[in-house]
Amino acid sequence: MSALENIKSVFKFSPTPYLIIQPDPPRFTVAFANDAYVQTTHRHLDDIIGKGITKALTESSAENANQEKQAIKNSLTRVLLSRKPQKLNLQNYDTGQSWSYESYPLFDETRHITFILCNLLEVSP
């Protein structure tokens, strides 16, 4: 079983929304989205898997949409550089929801970052 398949088996049925992202900056390709992520974001897997992170995110017409997408890419880049988890607060979308992203490096046995785990948490009032 591949590393990605192992990771998928752990997070597929989690009630918490997760993305598994490839460490391929600046694109940060989405390798996996669990059922909770799809349900929470009202997206289809075809719109997420294999897409760069900025294409996979829920669309927003907010004035700061490009800044929010760049902030997410910057946070993922910090995960790669620091090799430590990063938290990004309050990304707002047209649905009236606000989200916090927590990103964690996933290492192989040689301490090489193979994927980034992105946890989406709703923080709307």
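**Figure 1. Salt bridges of the predicted model.** The structure, a predicted model, contains three salt bridges. The pairs involved are Lys8 with Glu5, Asp35 with Lys12, and Lys87 with Glu102. Each pair is described in a separate close-up below.

Figure 2. The closest N and O atoms of Lys8 and Glu5 are 3.4 Å apart. Lys8 has a relative accessible area of 23% and is partly exposed. Glu5 is also partly exposed, with a relative accessibility of 37%.

**Figure 3. Salt bridge between Asp35 and Lys12.** In this pair, the closest N and O atoms lie 3.1 Å apart. Asp35 is partly exposed at 29% relative accessibility. Lys12, with a relative accessible area of 30%, is likewise partly exposed.

**Figure 4. Salt bridge between Lys87 and Glu102.** The side chains of Lys87 and Glu102 meet at an N to O distance of 3.9 Å. Because Lys87 lies in strand β3 (residues 86-92) and Glu102 in strand β4 (residues 98-107), the pair ties together parts that are 15 residues apart in sequence. Glu102 has a relative accessible area of 15%. This residue therefore counts as buried, the cut-off being under 20%.

How values were computed
Residues are numbered from 1 along each chain as its sequence is written. This is a predicted model: local features need pLDDT of at least 70, side-chain atom pairs count only at pLDDT 80 or more; totals for chains, interfaces and linings use all residues. Side-chain values use heavy atoms; hydrogens and water are left out. A salt bridge is a side-chain nitrogen of Lys or Arg within 4 Å of a carboxyl oxygen of Asp or Glu. Buried means under 20% relative accessible area, exposed over 50%, partly exposed in between (1.4 Å probe, protein chains only). Helices (H or I, at least four residues) and strands (E, at least two) are DSSP runs, numbered from the N terminus.
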